[in-house]
Amino acid sequence: MSTDAKTLSPRAVTWARRRQATRRAWDAYRVQRSGMVGLVLLGAIVLLAIAAPLLVSPADLSVTQATGGRMDPPSAGFPLGTDTNGRSVLALVLWGSRLSLVIGLTATVVAIVIGTLLGLTSGYYGGWYGWFTLRFSDWFMVLPSLVVAIALLAVMGRSVVTTIVVIAIVSWSGTTRLVRAQTLTVKSRPYLERARALGAGDWHQMTKHLLPNVLPLVLASATLLVPSAILMESTLAWLGLGDPTVISWGSILNEASNQGAVSARAWWYLLPPGLAILLVVLSFMMCGRALEAVFNPRLRGESS
Amino acid sequence: MRGAVTPMSKLSKAWRLLAAGATLALSAALVAAAPSGAAAQDEDTDTIRIATDQEVDTWNPFKARYVITYNTNLMTYDTLIRIGADGYEPVPGLATEWTESDDGLTWTFTIREGATWSDGEPLTAADVAYTYNLLIENQAIRDWNIDFAGNLVSAEAPDDTTFVLTLKEAAPAEVINRGIYIVPEHIWSTYPDPSADDANDQLPLVGSGPFRVSEYETDEFIRLDANENYWDGAPGFDEIVYDYYSEPDAAVAALETGEVDIVGALNPAQAEALGEYDHVTVNDTQGRRYVSLTINHGTVTQDGEEFGDGHPALKDPAVRLAMHTAIDKQALVDTVLDGSGTPATSLIPAIFEQWHWDGGEDLVEFDIDEANRILDEAGYEMGEDGIRTMPDSDQKLSFRFYQHADNTDYATVVQFVSEWWKQIGLEITPEPIEQTALNDLAYLGEFDVAFSGWGVGPNPTEQLGMHTCAVLPTLTDGSERSSENSYCNEEFDALHEQQKVESDPDARAELVRQQQQLLYSDNPVIWLYYQNNMEAYNSDKISGMTTQPTDGMVTGQEGFMWAYLTAQPAAESDEGGTPMWVWIAVGAAVVVILAAGGFLLMRRRSTADERE
């Protein structure tokens, strides 16, 4: 080990160390059963979403070419029954996974980027800027997110992009606090003082030392943010605030309840999108919790 | 608290959970098993409960615009002439007979003797004259009803049973069909400002109709008491209560369990579900409503100034015809309405047989190839991307398609129509917009295609009048909203003036049909379908409701609430108990709670050593 390190370049050393850290994290993750179950579930769902264009043809989603009857119960031709326009609910749910995942992931990335930027700079610079960003994020934290989202969508109009923006706006603030706290602890460590003494600038300190140290935490919190973003998207779509021209799980539920699926007892129309949301949220939560335990050993249970 | 041993802290978590669960289950059971219609129903009072979700705009009958207050006003007040239940023909109301002078300018009504106000005062021709004079003299009320009130000159009551109305221009259909609610002079003359929205807020309202509004709680209920001394006979029921349900499915469930008696505006799935109950009668009949697509064929002011930003291609009648040809209205009726409707041709729905025009030989039939041929011939060439361009430029035939964001039927129609129009080389960008915002854009002319829809009354002048040149806006700011679709055609206007004064019904109907034919061939609008009126009521409780027209609707009546006056309590049956599923649900809940409790107990035992 030590002889190897001597012959390697500094860059190679860094990479070797990173590889090692990753392996250690993976080992800690692997032993958590719920985390693995979540990962497998998630993998399957993502695969299905990616493969959806192969499984579902445009004709299956076309209302003018639909072959089924109105809200037909499950049959051999339509394993999950049909919707009001005679389209297969299975095809709709499969197709809906794409939008739900895309919106959930994109909104999370946007929220995480905003949150990390503000949290990192706030913790690093401190002073009045730090105070201001902290209060700013506090203000967003106490706003009732659903109400704000509904109001924003009403003003900005309904489309996929506005939905993503709105979800990001109401969910970035938690990350800011998390990142800021972690930045403060890392910042006070001696090696950063050393780096400063050696002439490291703000940019160097933030990108080379602080960011790598907060990233694992950000990753864990992002994994927990995705399910809440997906839930938010479904909620908004179910309330009729989504883009009705695209198919998402929330919009399927919205159409089902508007077309009287509850009165018609058409469970096959309501349950599949609902269960799909449950499954995705559950698997993200399982992965997120496991990741959290990996990066925060205090959360690790003894048995796992 | 810390360290102090209180009885509470000794109580284990499991037990507290169990207790909480049991309390919940018990209260749920009690709520579910409580007699339905918990609002302390007196056994002797016969009540019709109608589900509604619309708030009350105002109790001032001159300013009310909502359907809910239209209904309560029709029951609280009388009009001189009613709209009949058989075929929307005029029948006597407060006036027993009426005559028109030869020039059509002077109308003499004989007012019924023996009608009284709900406070016991007699109703005379003086009250009628007072009411019509409010329309003439009170500036705010006059402006609010200007289309009718603007034509009135004087209203007089020479004696207690005679009322004379003088007009500026002859307008027989208007006088007969315009139901003016007759209000009591001895009450209204004490109001400081009869035009105020809250002028008439003292409940119970004083009126002469078969019922009167006696109690109102926002978002809870509206109660109307029967008028036992009504001149047309006392109603069969003692009261009518409008109960508020914010969710349509909740209202449907309430009808299933008997908590509500009449539910209107059903969708096909709800109607089908309700049809399976023995005590429910579902009434699926022709409606008075059309749904249409307005095409921005160029918005102009009266002076000919163009405004708005509609696509130039839409000014070409060929493009509009192609779009029309590429819509399968029957398919829309079959899927969107599940067959509960009729494909539309023009703006007077088929329910008004005497005025409706069925398209005749001009009827546009669905044919994608024909639509493509029309566009090819007109010079709109298909590009490589499958989208046509203007003959004289590279501009694509790309249209914005605005729909009401809260209407799921429209969202489905948009999917269908977009798919068809894509096949004829049009690029469609659908956009759901809030109703108010959509109206704003429509009147500003800033749209290409937009949804529209009206509930049509028995007098066709109202709808046709919105398509005359006279109502085009004078300003371009979208504030004048009398014109529908910016339509203006001299020939149409000439026919309109003729039909307004034509007193022979058949001759008038012919003129009205010609007007519709013109509208149809000019194609500023594509009428999609006439929606059926789907409603359901508890036939174990209510019988004998008169529909309008014959074999028609119960809710959504025009000109008089025939159904509620004629409704009779049905012979008592053994309904009203707690439905079986409630008991099953309660039983299941108890079992679950017990099982959970047992589980928690067992867990508690097994982990007893680890705790504390």
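Where in chain A does UniProt place the feature "domain: ABC transmembrane type-1"? The unreviewed entry puts this feature at residues 97–288 of chain A; UniProt positions follow the numbering used here, feature names are shortened, and annotations may be inferred rather than shown by experiment. The model is a predicted one, in which local features need pLDDT of at least 70, side-chain atom pairs count only at pLDDT 80 or more, and totals for chains, interfaces and linings use all residues. Residues are numbered from 1 along each chain as its sequence is written, while chains are lettered from A and ligands numbered from 1 in the order in which they are written.

In chain A, the span 97–288 is 84% helix and 0% strand, and its end C-alpha atoms lie 20 Å apart. Helices (H or I, at least four residues) and strands (E, at least two) are DSSP runs, numbered from the N terminus. Helix H10 (residues 190–197) of chain A lies largely in the open, because 0 of its 8 residues are buried. Here a residue is buried if 20 or more other C-beta atoms lie within 10 Å of its own, exposed if 12 or fewer, and partly exposed in between, with C-beta atoms placed from the backbone. Just after H10(A), A:Gly199 has a positive phi of about 100°.

For chain B, UniProt lists residues 89–462 as "domain: Solute-binding protein family", again from an unreviewed entry. This span of chain B is 28% helix and 25% strand, with its end C-alpha atoms 16 Å apart. The domain assignment, whose bounds come from an automatic or database source, divides chain B into domain 1 (13–58 + 209–279 + 539–596), domain 2 (78–188) and domain 3 (289–532). Domain 1 and domain 2 of chain B each bring 13 residues to their contact, where two residues are in contact if their C-beta atoms, placed from the backbone, lie within 7 Å. On the domain 1 side, these residues divide into 4 nonpolar, 7 polar and 2 charged. In this scheme Ala, Val, Leu, Ile, Met, Phe, Trp, Tyr, Cys and Pro count as nonpolar, Asp, Glu, Lys and Arg as charged, and the others, Gly among them, as polar.

Turning to the two chains together, their contact takes 20 residues from chain A and 22 residues from chain B. On the chain B side, H14(B) gives the most, with 8 residues. By class, that side has 10 nonpolar, 6 polar and 6 charged residues.

Chain B also holds an open sheet of 4 strands in the order S4-S5-S7-S6, with antiparallel pairing; strands pair if DSSP finds at least two bridges between them. Its edge strands are S4 (95–100) and S6 (152–159) of chain B, and the twist averages 20° from one strand to the next. S6(B) is joined to S7 (residues 162–167) of chain B by 5 bridges, and B:Ala155 stands opposite B:Leu165 in S7(B).

Some backbone details of chain B deserve a look. Cis peptide bonds join B:Leu203 to B:Pro204, with omega about 0°, and B:Gln548 to B:Pro549, with omega about -10°. B:Tyr88, not a glycine, has a positive phi of about 60° and counts as buried, with 24 C-beta neighbours inside 10 Å. B:Ser486, also not a glycine, has a positive phi of about 55° and is buried, with 25 other C-beta atoms within 10 Å.

Key
Axes are lines fitted to C-alpha atoms, for helices over the stretch in contact, and angles run from 0 to 180 degrees between N-to-C directions.
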